[in-house]
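Thank you for making time this morning. I would like to walk you through one structure, and I will take it a piece at a time.

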Amino acid sequence: MIEEKRMGKLKAARKAAFAAIAVLLLLLATTLLPTGSDNKAKTGGDMLMLKLSELNTLPQAVNEKISPVLMEKVKEAVYRKETGGKGDDRIDFIVKSKKGIKEEISKAGPKILNAVDSIDGMSKYFAVEAEAEKVAQLASGQEVIRVLPRTMFHVMLEQSVPMVKADAFWKGGNTGVGVKVAVIDTGMDASHPMLKGRVVAEKDFVDGDAIAQDDNGHGTHVAGIIAGSKAGGGLMDGVAPGAELINAKAMDENGAGPIDRVFDAINWALDPDSNPATNDGARIISMSLGTTDPLDAEYENDLKAAVSKGAIIVVAAGNCGPGCTGAICPGCGGFKGVTAPGSSPSVITVGAIDKSKNVAYFSGGGVYPEIGVKPDFVAPGVSIKSSVPGGYSLKDGTSMAAPHVSGAIALMLNRTPTLKQDDVKRILEKTSEDLGEPGKDASYGFGLIDLAKAAIYREGVEFKVEMAPKLISQEVQKIAVTVYDDVKINSVKATITKPNGEKSAFDIPSTGSGDYAYDYTDTAILGKYALEVTLNYGGSSNASKDSGSTDESGGSGSSGGSGGAEASIDLFHLASFKVISPLGEIGMIDEINVSSEQRLSSNLTGNITFTAVKAEETRSLSLQLADDAGKIAYETTQPIVEQGLAILVVETQKLEARLNLMVDVKPGN
Ligand SMILES: [Ca+2]
Ligand SMILES: [Ca+2]
Ligand SMILES: [Ca+2]
């Protein structure tokens, strides 16, 4: 609700500011203005300064609700107005508020352009048009959460599919069938031979109707890269020719669209029939759009909400790369780096490379505080051939690179439907071809996605290591490795780091199909042993038949090679086990918890608990508490019986006894 009382307070605050500044300006005017300068100039100056000052002296509670980016726009508009500059002082902005207060917002004066649920469904975004000054008034409304810029996105401008090696998935029968990919763009020509039968849902958020026609060409091009198919008579296949497209038109014929429309499109794409019980929502949201404006944290939360609802968001890195100079990259206006929302940590960001795997001059990248390196990956984005209304055309841009990754993820989800965004990102990270500087870098991210590697990548359940978590000294540790998938295993190697830091490396030999076992006998030293098992598999499928089980792993750094040969992949499993004395764990206790406080004070009872290792054995436990000078302040010895969890109650008389616990378990009689 826009509260009248608060509005009153705000006006009062403005008046006070007005008075204070008026005095100050009078002084300035008399000292600084050249003599003879006319009244008009003086008045103009006064007006401007006063207005801007008002904005600078808003009550803190109001000011905090206004996005800094929007505040800059407000000041610009006020400046324009006061200096008699061209343009309207009415601006578009967004009021984020509790739901159901549309009327209150209307009453406050602005024209409501759009009303969209936030993606977490908890609040509402009202896109409004009003005088710039209304921003402060609206921010003072009690039910208003934040007043934000109406961030405008713009779309960014092919044999590229073989470069990401999509056929590795196709051969396994995974072409994206059953996976829905939403494309938030300029619409699609659904009758194009390449897209025939591929579009399962569409909505137009520009016209507000049910037909999301493409009046620009960009969306049809992007759609063809993701899920175009020869099946309907198309010239070529996209990355995931079996995937289903959700056509959400949020961008107009000029390729521009405000953020509320984009969010509206995302909300719809996640559940097109507005029935949570039906499974018609997009798993992947592909956005080849961006803005050079920073994205408000409030909007970031919506992207995060979409991901937590199970969506995987793929965004172009934008076309404001380091090679951009004025005329070449007209949309950048001097900005260099990754455009938003590509710059968001909540999305998978894609840059563009050419056919020689060199980063495109326009491909955005950078290292950002708290976010790290962007983009995350690169994909082909120079001279990409795909569908446009009425035919085909070549286009350049990270807009073309992002849909390669969206299509790739559709293939991955076809094979493993349970993958979430983090899983997908991790698998692509582990399998991408590192380009440029070693490791993740601001030009290439983790590198060029490599679906030949991703198609054979296994993790988790498919590779299991079993052994005893605890051993008595001199016992044999039996390490068993089970491989569940029908893949060619090159080697299973292990390294054990003993408690004294010594390492021993050995092969774990095969004991039958998918089974590997090794008896480790060097267990004399008490303590924790770290085990690392490295499973190497894959490699050229031709070589695999002949080489049998010999070790010829190319290592993790081996490249994809040519002719579609598969690279080998290392998988790691880390584990540890403990070797204890036959008498139990002398001097070692798994867990010690003081359940009261870290400092024991006078008359405080502290509970010290520890987990017993060997039951049915009586021990005694002595506990010493030392004071600041290191002196023993308290000492007790009590017999305890270890059965599961033993509890020792300690009472201390001394104030602030320090928690220098020295707990020593000795075998009892
Ligand atoms: Ca339409
Ligand atoms: Ca549904
Ligand atoms: Ca690199």
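Where is the place of proline 375? It is in the loop between strand 15 (372–374) and strand 16 (377–380), where helices (H or I, at least four residues) and strands (E, at least two) are DSSP runs numbered from the N terminus.

Before I go on, a word on conventions. This is a predicted model, in which local features need pLDDT of at least 70 and side-chain atom pairs count only at pLDDT 80 or more, while totals for chains, interfaces and linings use all residues. Residues are numbered from 1 along each chain as its sequence is written, chains are lettered from A and ligands numbered from 1 in the order in which they are written, and side-chain values use heavy atoms, with hydrogens and water left out.

Let me stay with the backbone for a moment. Most residues other than glycine have a negative phi, and most peptide bonds are trans. The peptide bond from lysine 374 to proline 375, however, is cis, with omega near 10°. The bond from alanine 340 to proline 341 is cis as well, with omega near 5°, and proline 341 lies in the loop between strand 12 (312–316) and strand 13 (348–353).

Two residues deserve mention for phi. Serine 274, in the loop between helix 9 and strand 10, is not a glycine and yet has a positive phi of about 55°. With a relative accessible area of 62%, serine 274 is exposed; here buried means under 20% relative accessible area, exposed over 50%, and partly exposed in between, using a 1.4 Å probe and protein chains only. Lysine 357, likewise not a glycine, has a positive phi of about 65°, sits in the loop between strand 13 and strand 14 (366–368), and counts as partly exposed at 29% relative accessibility.

Now to the calcium ion, ligand 3. Which residues are its protein donors? They are Asp434 (OD), Leu435 (O), Glu437 (O), Gly439 (O) and Asp441 (OD), lying 2.2 to 2.4 Å from the ion. Donors are N, O and S atoms within 2.8 Å of the metal, or 3.2 Å for Na, K and Ca, and because water is not among the atoms, sites may look incomplete. Along the sequence, the donor residues are spaced D-L-x1-E-x1-G-x1-D.

Aspartate 434 is found in the loop between helix 12 and helix 13 (451–456), and at 39% relative accessibility it counts as partly exposed, whereas leucine 435, at 11%, counts as buried. Leaving out residues up to four places away in sequence, aspartate 434 touches Gly439, Asp441, Phe446 and Gly447, contact meaning heavy atoms within 4.5 Å. The C-alpha atoms of aspartate 434 and glycine 447 are separated by 4.4 Å, although these residues are 13 apart along the chain.

That brings me to helix packing. Two packed helices are described by the angle between their axes and the distance between the axes. Axes are lines fitted to C-alpha atoms, for helices over the stretch in contact, and angles run from 0 to 180 degrees between N-to-C directions.

Helix 11 (residues 398–415) and helix 12 (residues 421–431) pack at an angle of about 105°, with their axes 11 Å apart. They are therefore roughly perpendicular to each other, given that angles under 35 degrees count as roughly parallel, over 145 as roughly antiparallel, 65 to 115 as roughly perpendicular and the rest as oblique. Val405, Ile409 and Met412 in helix 11 meet Val424, Ile427 and Leu428 in helix 12.

For helix 9 (residues 259–270) and helix 10 (residues 297–308), the axes come within 11 Å and cross at roughly 15°, so these two helices are roughly parallel. On the side of helix 9, Ile259, Phe263, Ile266 and Leu270 meet Tyr299, Asp302 and Ala306 of helix 10.

Finally, is helix 8 enclosed or open, and which of its residues are buried? In helix 8 (residues 218–227), 10 of the 10 residues are buried, so it is largely enclosed by the rest of the structure; among them are His218, His221 and Ile226. Ile226 is also one of the residues touched by serine 286, which lies in strand 10 (residues 284–287) and, at 1% relative accessibility, counts as buried.
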